[in-house]
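Please keep the structure open while you read.

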Amino acid sequence: TVSPDAGNPYTGYDVWLTPYYASEVSSAAAQMTDSAQKAKALKVAQIPTFTWFDVVAKVPILDTYLASAKAQQASTGRKTLVQIVVYDLPDRDCAAKASNGEFAIADGGLAKYKNYIDQIAATIKKYPDIRVVAVIEPDSLANMVTNMNVPKCAGAAAAYKEGTVYALKALNALGVYMYIDAGHAGWLGWPANIQPAATLYAQIYNDAGKPKYLRGLASNVSNYNALVAASPDPATQGNANYDESHYINAIAPMLRSAGFPAFFIVDQGRSGVQNIRPEWGHWCNVKGAGFGQRPTGNTGNQYIDQIVWIKPGGECDGTSNTQAVRYDSMCGVSSAHQNAPEAGQWFQAYFEMLVKNASPAL
Ligand SMILES: O=[N+]([O-])c1ccc(O[C@@H]2O[C@H](CO)[C@@H](O[C@@H]3O[C@H](CO)[C@@H](O[C@@H]4O[C@H](CO)[C@@H](O)[C@H](O)[C@H]4O)[C@H](O)[C@H]3O)[C@H](O)[C@H]2O)cc1
Ligand SMILES: [Mg+2]
């Protein structure tokens, strides 16, 4: 049976604009000399993105964000929601290096993760009248589908699942609308991966007790795929699910037959330009990318609640410094923009490229 879910969280809500990204963009625009590009850049400061809680030290800022959203809701009289990313599992990013996190399983990382979740929950609990939409743990379960041959991923499997279920239950109790990360068409959309993926996500849904507020899955987080591609990118050769809409339309029925009535949000923040990489597996600071279609509830797809910008364009995917501890060779491939700072840090040249290549144009 399909349990009644809580519905599309975006319907009837304004999306709160995080000042964190707006200030990054404003200072980026201040560095730009071309007046036309500068003007375009400033428009990005008005586009809502998700705030990533990638270290536990950032959690207190959530309190100020929810207070700000509460003030906005009071002054506008319009219901307002805040978008966050929960992203701090121990042994994080187990198949790569660029986004390795602060917690290690071997060093009490799972307990530290539960405390991180408890801190987020305690903060959200203080603002019962502000809606929160949370993307849960980019890349983690997707790695459980395709990378159990990677020792660090195999070793992290139990902690990833226990940590995820813990987060789902804690946040569901507060009415936080959640979308678990589901990789993208070029990851779990492949024929060999899509059914195992559906099986895993449905298992997690059941293990978490079919949470009412677990609305579904988030796709294309920090990737570059089109929602609807005009024609298949050559890199997608062999995969009928050559864009996010094909991937979602294919996996949604599989999830339902496994008892998970999942809906979706899709990251389009860096999807403005296609055919920019020789291999679909290239994910790090891909050159030629552009800001994609703007966030909207007008998705054109029955399974998609909202088109969103989850990865804030301009924040780096990973360092290109081969001497760095977190250097991942994928950030050195032909498609990867060089002179890249550490993951999450501001990458000015890349931001200016995204502005220039934006489609629709800014
Ligand atoms: O035609 N065939 O016969 C055939 C046979 C086998 C095939 O195998 C598939 O090939 C795919 C690549 O095409 C692989 O997908 C890549 O997997 C990587 C992780 O391993 C992902 O990387 C993550 O990306 C995140 C951002 O998205 C980063 O945040 C994160 O740090 C980073 O780790 C890439 O996106 C994703 O594109 C599949 O696993 C693999 O099963 C494919 C075809
Ligand atoms: Mg990443």
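The notes below go through the ligand, the pockets, the cavities and a few points of the backbone.

This is a predicted model, in which local features need pLDDT of at least 70, side-chain atom pairs count only at pLDDT 80 or more, and totals for chains, interfaces and linings use all residues. Residues are numbered from 1 along each chain as its sequence is written, chains are lettered from A and ligands numbered from 1 in the order in which they are written, and side-chain values use heavy atoms, with hydrogens and water left out. The space taken by ligand 1 is the largest pocket, where "taken" asks that more than half of the ligand's atoms lie within 2 Å of the pocket's grid points.

**Ligand 1**

- Ligand 1 is surrounded by 16 residues, and the closest are Asp-93, Asp-139, Asn-147, His-184 and Asn-223; a residue counts here if one of its heavy atoms lies within 4 Å of the ligand.
- That shell holds six nonpolar, eight polar and two charged residues. The classes take Ala, Val, Leu, Ile, Met, Phe, Trp, Tyr, Cys and Pro as nonpolar, Asp, Glu, Lys and Arg as charged, and the others, Gly among them, as polar.
- Asp-93 has a polar side-chain atom 2.8 Å from an oxygen atom of ligand 1.
- An N or O atom in the side chain of His-184 is 2.9 Å from a ligand oxygen, and for Asn-223 a side-chain N or O atom is also 2.9 Å from an oxygen atom of ligand 1. The cut-off for such a polar contact is a pair of N or O atoms within 3.5 Å.
- The protein buries 68% of the 800 Å² that ligand 1 exposes when taken alone, with areas from the Shrake-Rupley method and a 1.4 Å probe.

- The largest pocket holds about 950 Å³ of space. A pocket is an open set of points on a 1 Å grid over the protein atoms alone, with protein on both sides within 12 Å along at least five of seven lines, and its lining residues have an atom within 4 Å of a point.
- Its lining counts 45 residues, and Tyr-87, Asp-93, Ser-99, Asp-139 and Trp-283 are the closest to the centre.
- By class, this lining has 20 nonpolar, 14 polar and eleven charged residues.
- Helix H1 (19-30), strand E2 (51-53) and helix H3 (59-76) each give at least two residues to it, and the largest share, three residues, comes from E2. These elements are DSSP runs numbered from the N terminus, with at least four residues for helices (H or I) and at least two for strands (E).
- The second largest pocket has a volume of about 200 Å³, which is the space filled by probe spheres set on the grid points, joined across faces, edges and corners.
- Of its 13 lining residues, Tyr-127, Pro-128, Ile-130, Leu-174 and Gly-175 are the closest to the centre.
- Helix H4 (109-125) and strand E4 (131-136) are the elements that give two or more residues to this second lining, which has nine nonpolar, one polar and three charged residues.

**Cavities**

- How many cavities of 30 Å³ or more are there? The count comes to two, a cavity being a set of points where a 1.4 Å probe fits but cannot get out.
- The largest cavity has a volume of about 60 Å³. Among its 13 lining residues, Asn-225, Asp-233, Gln-274, Arg-277 and Trp-280 are the closest to its centre.
- The second largest cavity holds about 30 Å³ and is lined by Leu-89, Arg-92, Asp-93, Glu-137, Pro-138, Asp-139, Ser-140 and Tyr-160.

**Backbone points**

- Ser-359 and Pro-360 are joined by a cis peptide bond, with omega about 0°; Pro-360 lies in the segment after helix H9 (348-356).
- Lys-210, in the loop between helix H7 (191-207) and strand E6 (214-219), has a positive phi near 50° and is not a glycine.

Note on methods
Polar contact = N/O pair within 3.5 Å; in protein donor to acceptor, adjacent residues only side chain to side chain.
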